[in-house]
Amino acid sequence: MMDIKTYLYNTLTKQVDEFVPNEPGKVAMYTCGPTVYHYAHIGNLRSYIMEDVLEKYLRFVGYDVKRVMNITDVGHLTSDGDTGEDKMLKGAKREHKTVMDIARFYTDAFMADCEKLSIKKPDVVEPATNCIPEFIHMIEVLLEKGYAYVSGENVYFDTSKLDNYYVLSSQKEEELQVGVRDDVDEDTNKKNKTDFVLWFTKSKFDNQELKWDSPWGVGYPGWHIECSCISMKHLGEYMDIHCGGVDNIFPHHTNEIAQSESYTGHKWCNYWFHVNHLNTKNGKMSKSKGEFLTVSLLEEKGYNPMAYRFFCLQSHYRKPLEFSWEALDNVVTAYDKLVKRIANLTEEGTVDSSACEEYEKKFAGALANDMNTSSAITVLYDMLKAALSDASKRHLVARFDEVLSLNLTKAWENGESAVDDDLSAYVEGKIAERAAAKKAKDFATADAIREELASQGIVLKDTREGTLWEKQ
């Protein structure tokens with residue numbers, strides 16, 4: 001274990017807390033997975049990128065991490081008010097396929113997107129439809145304990161039984177709308193407007209494709225029960241970190257805490273890690289607003305998915321991030337320049353173990369401060385400018401990229417040759433001459449330098465980061 005303390009903002013305590021796992025050296029981590037009724041948009045994927053960095057950082061400093069993620073292939077309704085159709089059924093109707101065909105296709109698409117973005121597959125990925133017996137068991141226990149009730153043939157969780165239902169979200173009941181995201185009619189089966197469904201029966205949605213026998217009738221589970229059961233199935237009754245986007249805080253994660261702690265009789269999860277929205281100039285990115293941005297669309301437009309990952313890492317996960325094509329173009333330029341710089345590192349010299357250890361501590365220290373990925377990238381740049389051997393720099397790039405996962409070592413692994421040092425010095429000198437000519441408003445000379453380089457197969461590109469070049 002690296003001798004370093006980790007601090008994370010904890011949504012539960014509303015402050016940055018020192019991270020201390022339940023079991024020394026081990027981390028039980030859960031990620032809310034996708035509802036696989038459509039492609040993930042890049043806003044969804046921002047959360048998975050930042051959760052990936054968190055997991056890889058914890059491994060980097062020496063923790064043994066077990067990470068579990070669910071796949072919601074049933075039960076997630078189009079409204080937070082337990083109304084509207086199942087999103088999976090909605091996807092099936094849209095594409096004239098079965099729900100399971102939709103689930104398989106979009107699960108594969110999600111995993112492919114994660115691979116393109118260097119997001120590590122969690123140790124356990126469990127579809128909700130695999131766990132019906134576990135859902136039924138937990139609901140039976142909640143009924144026995146008096147935390148749930150049957151009404152209109154559905155089973156509801158009774159939030160009035162809790163002293164602090166809003167422990168995670170800090171909302172006030174009088175401020176609560178019936179539907180958080182959609183305008184919906186109130187469910188008259190509920191005793192309290194904050195109660196939520198644990199099990200739906202055919203009386204609620206007769207057209208539901210996926211149904212199972214249960215003590216309360218043929219039906220299917222509510223969305224919230226899924227994550228509680230799947231996490232406990234694989235991580236036990238005590239969890240260290242639960243991750244998700246900020247839009248999961250209420251009602252999903254609030255309801256998870258309510259049912260999980262009522263079921264176990266003790267505190268369930270100590271740290272809640274939430275990633276903020278990716279916005280456009282028109283607001284939060286959403287599938288419901290027509291065309292949405294996917295990894296495949298970025299690729300169609302010629303963007304390397306790694307540039308989008310780099311874009312996300314340059315911002316703090318708790319801050320809203322605004323996407324624009326101009327902003328992404330700027331990041332592409334910076335990323336290409338960084339990769340080219342790293343590709344030119346040779347294997348000359350020896351690895352200075354002491355110096356490398358110090359830089360690894362600086363890098364880990366930046367991330368230990370509430371996952372400050374921007375500061376961690378600054379450590380990378382500082383290291384590349386430092387008076388270290390190329391061998392040491394290559395070692396550190398490889399180590400840092402265990403967490404950043406930006407494919408920074410790809411050029412070496414593919415056996416690509418670095419740019420000749422003499423050529424590099426020559427071109428950089430010409431770029432400096434051209435910059436001086438432009439500053440003196442001698443544009444004829446500046447154009448002549450560009451043409452001279454072009455005749456040698458050297459293409460210049462002027463950017464906000466400076467002038468870049470490549471040999472064609």
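Reply: One term before we start: two strands pair if DSSP finds at least two bridges between them. Going by that, strand S7 (residues 154-157) and strand S8 (residues 196-201) pair in the antiparallel sense over three bridges. Keep in mind that this is a predicted model.

Me: OK, who stands opposite Val-197 in S8?

Reply: That's Tyr-156.

Me: And which strands make up the open sheet with antiparallel pairing, in what order?

Reply: Four strands, in the order S6-S7-S8-S9. At the edges you find strand S6 (148-151) and strand S9 (219-221), each pairing on one side only. On average, neighbouring strands of this sheet are turned by 25° against each other, ignoring direction.

Me: Which helix lies across S6, S7, S8 and S9?

Reply: Helix H4 (residues 132-144) does, and it runs at about 120° to S8.

Me: Switching topic. How confident is the predictor, what's the mean pLDDT of the chain?

Reply: The mean is 90, and 92% of the residues reach 70 or more.

Me: Where does pLDDT stay under 50?

Reply: Over residues 174-184. The model has 21 contacts beyond four places in sequence for that stretch. Where pLDDT is low, the predicted coordinates should not be read in detail.

Me: Good to know. What about the open sheet with parallel pairing, how many strands does it have?

Reply: Five, in the order S5-S4-S3-S10-S11. Its edge strands are strand S5 (124-127) and strand S11 (269-275), and each of them pairs on one side only.

Me: How many bridges join S3 to S4?

Reply: Six bridges join strand S3 (residues 26-31) to strand S4 (residues 64-71), and the two run parallel. To pick one, Lys-26 has Asp-64 in S4 as its bridge partner.

Me: Which helix packs on that sheet, touching S3 and S4?

Reply: Helix H1 (residues 42-60). It also touches strand S10 (239-245) and S11, and its direction makes about 160° with that of S4.

Me: Now salt bridges. How many does the count come to?

Reply: The count comes to 24 salt bridges. One of the pairs is Asp-123 with Arg-59, whose side chains meet at 3.2 Å, N to O. That pair links distant parts of the chain: Asp-123 is in the loop between helix H3 (99-116) and S5, while Arg-59 is in helix H1, 64 residues apart.

Me: Let's do helix packing. At what angle do H2 and H3 pack?

Reply: Helix H2 (residues 87-95) and H3 pack at about 95°, and their axes are 8 Å apart. So H2 is roughly perpendicular to H3.

Me: Which residues in H2 meet H3?

Reply: From H2 you have Met-88, Leu-89, Gly-91, Ala-92, Arg-94 and Glu-95, meeting Val-99, Ile-102, Ala-103 and Tyr-106 in H3. Sorted by class, that contact has seven nonpolar, one polar and two charged residues.

Me: And at what angle do H11 and H12 cross?

Reply: At roughly 170°, with the axes of helix H11 (residues 373-385) and helix H12 (residues 390-404) coming within 10 Å. Therefore H11 is roughly antiparallel to H12. In H11, Ile-377, Val-379, Leu-380, Met-383 and Leu-384 meet Lys-393, Leu-396, Val-397, Phe-400 and Leu-404 in H12. Those residues divide into nine nonpolar, no polar and one charged.

Methods:
Residues are numbered from 1 along each chain as its sequence is written. This is a predicted model: local features need pLDDT of at least 70, side-chain atom pairs count only at pLDDT 80 or more; totals for chains, interfaces and linings use all residues. Side-chain values use heavy atoms; hydrogens and water are left out. Axes are lines fitted to C-alpha atoms, for helices over the stretch in contact, and angles run from 0 to 180 degrees between N-to-C directions. Angles under 35 degrees count as roughly parallel, over 145 as roughly antiparallel, 65 to 115 as roughly perpendicular and the rest as oblique. Contact means heavy atoms within 4.5 Å. Ala, Val, Leu, Ile, Met, Phe, Trp, Tyr, Cys and Pro count as nonpolar, Asp, Glu, Lys and Arg as charged, and the others, Gly among them, as polar. pLDDT is the predictor's confidence in each residue, from 0 to 100. A salt bridge is a side-chain nitrogen of Lys or Arg within 4 Å of a carboxyl oxygen of Asp or Glu.
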